[in-house]
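This report covers a predicted model.

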There are 2 protein chains.
Amino acid sequence: MERAPLKFSKNGQPHSPGSVTYQATTDQLANGHPLALSEDEGIIDITTSGTMNERHMDEQINISHGSGFADSDDIPGIGQYEDFHTIDWQRDLARDRMRHRYIVKRKQNSVLDLVKGAHDAWSGWLCVLLVGLVTGSVAGIIDIGSSWMSDLKYGLCPEAFWLNKEQCCWSSNETSFEDTGNCSQWLSWAEVMGSNKDGVMAYILEYVFFVSWALLFASLAAALVRMFAPYACGSGIPEIKTILSGFIIRGYLGKWTLIIKSVGIMLSVSSGLSLGKEGPMVHIASCIGNILSYLFPKYGRNEAKKREILSAAAAAGVSVAFGAPIGGVLFSLEEVSYYFPLKTMWRSFFCALVAAFVLRSINPFGNEHSVLFYVEYNKPWIFFELIPFVGLGVIGGVIAYIFIRLNLKWCRFRKMSRLGQYPVTEVLVVTAVTTVISFPNAFTRMSTSQLIYLLFSQCGGVSYNHGLCDYIVNPNATGTTNPTTSEAGPGVYSAVWLLMLTLVLKLVLTVFTFGIKVPCGLFIPSLCLGGIVGRIVGIGVQQLAYHYPHIWIFAGECSTKDCITPGLYAMVGAAAVLGGVTRMTVSLVVIMFELTGGVRYIVPLMAAAMASKWVGDALGKQGIYDAHIMLNAYPFLDSKDEFATTALASDVMQPKHTDPLSVLTQDSMTVQDVETVLKETEHNGFPVVVSRESQYLVGFVLRRDLILAIANAKRTLEGLRADSIVRFVQTDSHQESNLPGASPYLRLDKILDMAPITITDQTPMETVVDMFRKLGLRQTLVTHNGRLLGIITKKDILRFIKQIDQEDSTSPIVMFH
Amino acid sequence: MERAPLKFSKNGQPHSPGSVTYQATTDQLANGHPLALSEDEGIIDITTSGTMNERHMDEQINISHGSGFADSDDIPGIGQYEDFHTIDWQRDLARDRMRHRYIVKRKQNSVLDLVKGAHDAWSGWLCVLLVGLVTGSVAGIIDIGSSWMSDLKYGLCPEAFWLNKEQCCWSSNETSFEDTGNCSQWLSWAEVMGSNKDGVMAYILEYVFFVSWALLFASLAAALVRMFAPYACGSGIPEIKTILSGFIIRGYLGKWTLIIKSVGIMLSVSSGLSLGKEGPMVHIASCIGNILSYLFPKYGRNEAKKREILSAAAAAGVSVAFGAPIGGVLFSLEEVSYYFPLKTMWRSFFCALVAAFVLRSINPFGNEHSVLFYVEYNKPWIFFELIPFVGLGVIGGVIAYIFIRLNLKWCRFRKMSRLGQYPVTEVLVVTAVTTVISFPNAFTRMSTSQLIYLLFSQCGGVSYNHGLCDYIVNPNATGTTNPTTSEAGPGVYSAVWLLMLTLVLKLVLTVFTFGIKVPCGLFIPSLCLGGIVGRIVGIGVQQLAYHYPHIWIFAGECSTKDCITPGLYAMVGAAAVLGGVTRMTVSLVVIMFELTGGVRYIVPLMAAAMASKWVGDALGKQGIYDAHIMLNAYPFLDSKDEFATTALASDVMQPKHTDPLSVLTQDSMTVQDVETVLKETEHNGFPVVVSRESQYLVGFVLRRDLILAIANAKRTLEGLRADSIVRFVQTDSHQESNLPGASPYLRLDKILDMAPITITDQTPMETVVDMFRKLGLRQTLVTHNGRLLGIITKKDILRFIKQIDQEDSTSPIVMFH
């Protein structure tokens, strides 16, 4: 028998794509949906309250072979949570273990069951394989699409309009492309319109086309997001962190979000806004993970298990964004994941690798390196250079702090003011300003990734460098040696001034861009900001070494040869700013070195990342993602935070001493009493005690289960009256119920969780928070000498931490922890 | 006032080096060691039972500014555990938080306190910095020493005996060294003895010297270990895993172990035994971490915090062993660590990087690569090659399984039989057999690392290849192209036969070697076994591709050029066997690619590692380290294991229904009653209940604290009689005690942990085990409706898991989980 899983949607949230729950009509319920509570045991059971009924369930499986487990997994409502609710990790994991036991048990029955068992065992790997394949493909499409559309702003390949500039010039086989970045096949819009190539008119034409395309792309992106998938905007990482920590946001990882975000990110990247596609790629990968997990009931039906797939998907997202599979796994582990068992790590790695492999096979960039910003140099760095590297780290931390502060202020203003009501207009204004400002400046006109590539590269590799490589040529140089000295020519100096302008522009633009209602990521703008700073510092150090080769620090290895690589400084600076903004550590270093292929430069990267993180932590405790989580008040319990408090559980628990705690008694309340409690309170669950006087704790029952059970009993149980007694415990003697004429009592022992997590009132809050984090609790009951005193929910914990943080911010820095 | 921390050593374990506890004489106790229990509050307190008394402690700090915290941290016995006991993570972390709070509070008092606070905040970083520096240096010394002594087996550099062969030949500036691996400066022992260079006599002389030096080195190593540091034998990784999971083995990480293991590993590596120095390097690094942590009371005095340093040290150990800092961190995370917060990860990375950097600066190998087996090739691999790679994974898994099985059998035999009593003899026999067998075979005569290097390398790079590169030269080749074809000549075939022989020899020798009483690691032998298999398979595939270039799988990219790199196969095979033996996953791949610099080959390595792990898991569930943990019955609670059970807490808890539970009551037992309970039982702690009848749980008290407290009270408390009442709770009214003539009661509320972790009897064991793992519990109390039913200790959990495992081994495979 098949049954549609039902879901009670209290507040009528619209059903977003990606959620596979169905609204249960009252009809369905009235038609005798077989909920628990039948007097005859062993057929079907509401086991919503996970942990306690496992053995019971197991026994039942033995009894009722026919309907068995696959059906009991279909019991309506099981494993479904309401929107914007916290999941119960322990319960979900218990459910999965139960499922697993059942499958192992069935395995011996028949070949089909054996195959089913094998499929179940494989499904985790299969699922991450699929996620990797799809993520790699989608990333390839996005890369190709956005590169084509980006070039569309500048011109067209008339012979084959579907080619981007690079491909167009390849097909022309001209060598001039290598030198100038242009070829005759590719026509700028001025040329297409038949204008003179170098005139003022051409410039204006190109300017107008540039701005128009950008506005078109941006407005399209904003409109798509607004109309079809409001969740598709932003980078998505704060929300994914929250979801992975065990929160339900229906539709956030749904198929509409996936489609709109994929299309939207192509559009918004192409529009030339100061944003990147790396953060959204993580979101897109997570959507893919979520959607594909529904192919495997093991994951799709179990929120806790699903998060294993989502962790792997996030790793794959970073992997394709940067071509960094190991960095992706570490990012998932360090930055976004909450529950990350080692099995998940291994699968994440597999997933990330498959995704990177697929992307490399698609080869959207058309070169042989799978990495984004491959640096071709391999020069050793010199020990004294650690000083400027650490300096870059400090600067990076400061820039990141400024950015976070300003961005948060602006986002808060957007939330509070009427600005928030005109998202599309905002996008258009930001785009217009960005493109109008960007076009005249060569460094801002090119795409941000191109700029980063230019900044990271060594002179000689890239030719269209806009003066950045205008070094003075040594006339005495002989054939084989490099004729250019490291003495900067006038082009370099003007490029530096332009870069400084670019830095300020990019910083300001990014502050206003991150948070507008199109898909937008932060990695690329951060890298760019840092790259600019780094390159400038690098050129400075280089000129210093050239003009003062006899200062002792340069004396050793720098006196004779060109020892400073400004590109390396750009790389280090980029890592510093990104580290300051996101507060990533190990994963940042690994991503940077996978991104650039610069294995030699782990130590410089590390030094800068460390300095940047410390400076950032000293100035303001949170990274951008945590700040946005806080701004949006997501219920995220950070596993990294440490705080000092002397509070005990009794200080935090509800109710405070004045109010009474809403409890149920194990066998002395009537149906009406219970319904009154349900009506008068809004708690999600109720402790069950022996009696109101003694308050000895028996178990915990969820509000949802209680409502379902009573509703069902009223329909199915003959003679149930409002004054029937509700029993949460099995009585040892059955005679009572057999007394003729007596009102039948309502047995609810099967929905009672008899193993709630309890703590004593003397438990320090640090331990309590630790338990919430590590065990993934939704609530814990507070007892004293076995008597129930109160309850602490995750909400109480979050409120408590917030309060502590506010007290903390006045006290001295705790930066090094 | 200064006090020596005291330690009660119940079973009189000898005090091994590295432990800084002192034996308290009864005199010290009798001289009025100020333990708790003074009637006047607020001076000093036994807060051994961590979690509950934090607030209390805090208040006291405020009261007694003078003696303050630094002293109360000195309270005898605090934070010290008995040998071979499990630590209580929650309690230790609570103690650290308390310490931290105190320091933060003091910070505002004076500049000195501010500096102290800053020092405290920095001490974690400072400590890992020191650990990194020292580890790098020690590793450098070991590398230099063992390379010199290894060469001593073959000959001598008469002009400068302290140079090894490579250095000796460098100083000679001869070019012949590159080609033949020999130079005139370096004299073989035959030459030193004045014999003819190539005669039979010379061969015999060299043979004899080879064996004699090996026996000398091995016997020295075994003798040193036997005499000074029995813990220095073996690889140490199983024990470190156990220690990191929260177990105390005094002296295992002490200074004697460090010294002897460092010297011993040089000797045993030089002796030519089939072992490596990589595992012991992890042990050595952990010793360094342990010793240096005593410089920082924050870590040295707190077993839980100390494990953060040890985790970082383990990462540094792998980092210097393989030149793989990232791999080291992942190894620490995946393989050895138990409690690994993200803060630790960052510090581990720093530590690993510093160590690798120092080692690179020392440059013991005298080349510019910091990696051990740098591969110079960069050829792409072809998609179809995944088939042989996976095949290698399968073979690797099987070889690893055979190795583990045989080694375990032999180790069990050693344990059971009288063989275990003659460790030095065993070492000598194994060494004699190894060297006698090894010398005639060119591949076994060279050191294992050299062999691995040879196997990994491409032909052309290494010249003294013993036929492995005897490819047929194409006579038609013109100048610039590579004249050698990939058609194997007769030398290759004979080398393959010799390699097969080497494989069998190494496998058998390693089985008998791993476990003898010298420092010995497994990584290098495993890599070597896998390298041999891989190279053989690689040559096979290469010849296949050469002779049948038109088979469709070779048709694409293999038809024209030499497409198969046997060295890559060797690398993949090495990863497969190592993966099968240790069951490492992500860390293995990362180590392999850091080890060889082969960034391109992540996918092949990963495919092989995965296949190998699956095959290994299917054949026998445990890796070598877990198997040895089990063999030695260490109390290690694996956080990776998953198991299926329907047991509830009530099935596992002690006591079983027949025996009564030893409990104390909160305010109705006399001193004599308590002493009787102490005398009649051996439990480490006792639950305290309201009354024997009601059994409502109040708290938990440790045996140790109870003994200390009563002993102290008897000395200090006037009028304490055997029939005085012991009170574990503060009474609200004080009049009772004030009644004249009444026997004074003994107040023990300060040693009572009022926040013990409790569970209900209906809790499924999976949840219980999860709680033990994640919260690091020592015991948990089992209740029903607030009434105490029993107790579950870590020992019970381990027993239970063992039992489950034994049941499991008969049931079908659960390999993919």
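## Strand pairing in chain B

B:T670 has B:I725 as its bridge partner in strand 11 of chain B. Strand 11 spans residues 725-727 and pairs with strand 8 of chain B in the antiparallel sense, over 2 bridges. Strands here are DSSP runs (E, at least two residues), numbered from the N terminus. Two strands pair if DSSP finds at least two bridges between them.

The sheet is open, with 3 strands in the order 8-11-12 (chain B) and mixed pairing. Strand 8 (669-670) and strand 12 (746-747) of chain B are the edge strands, each pairing on one side only.

## Symmetry

Chain A superposes on chain B by a rotation of 180 degrees with 0.0 Å of shift along the axis (RMSD 0.1 Å). That is the relation of a two-fold axis. In chain A, A:G786 comes closest to the rotation axis, at 1.8 Å (C-alpha).

## Interface

In contact are 59 residues of chain A and 59 residues of chain B (C-beta atoms, placed from the backbone, within 7 Å). Helix 4 (residues 89-107) of chain A gives the largest share of chain A's side, 7 residues. Helices are DSSP runs (H or I, at least four residues). The same surface serves both copies: 100% of the contact residues of chain A recur in chain B.

## Basis

Residues are numbered from 1 along each chain as its sequence is written, and chains are lettered from A in the order in which they are written. In this predicted model, local features need pLDDT of at least 70 and side-chain atom pairs count only at pLDDT 80 or more, while totals for chains, interfaces and linings use all residues.

Terms used: Copies are superposed by least squares on the C-alpha atoms of residues with pLDDT of at least 70 in both. Two residues are in contact if their C-beta atoms, placed from the backbone, lie within 7 Å.
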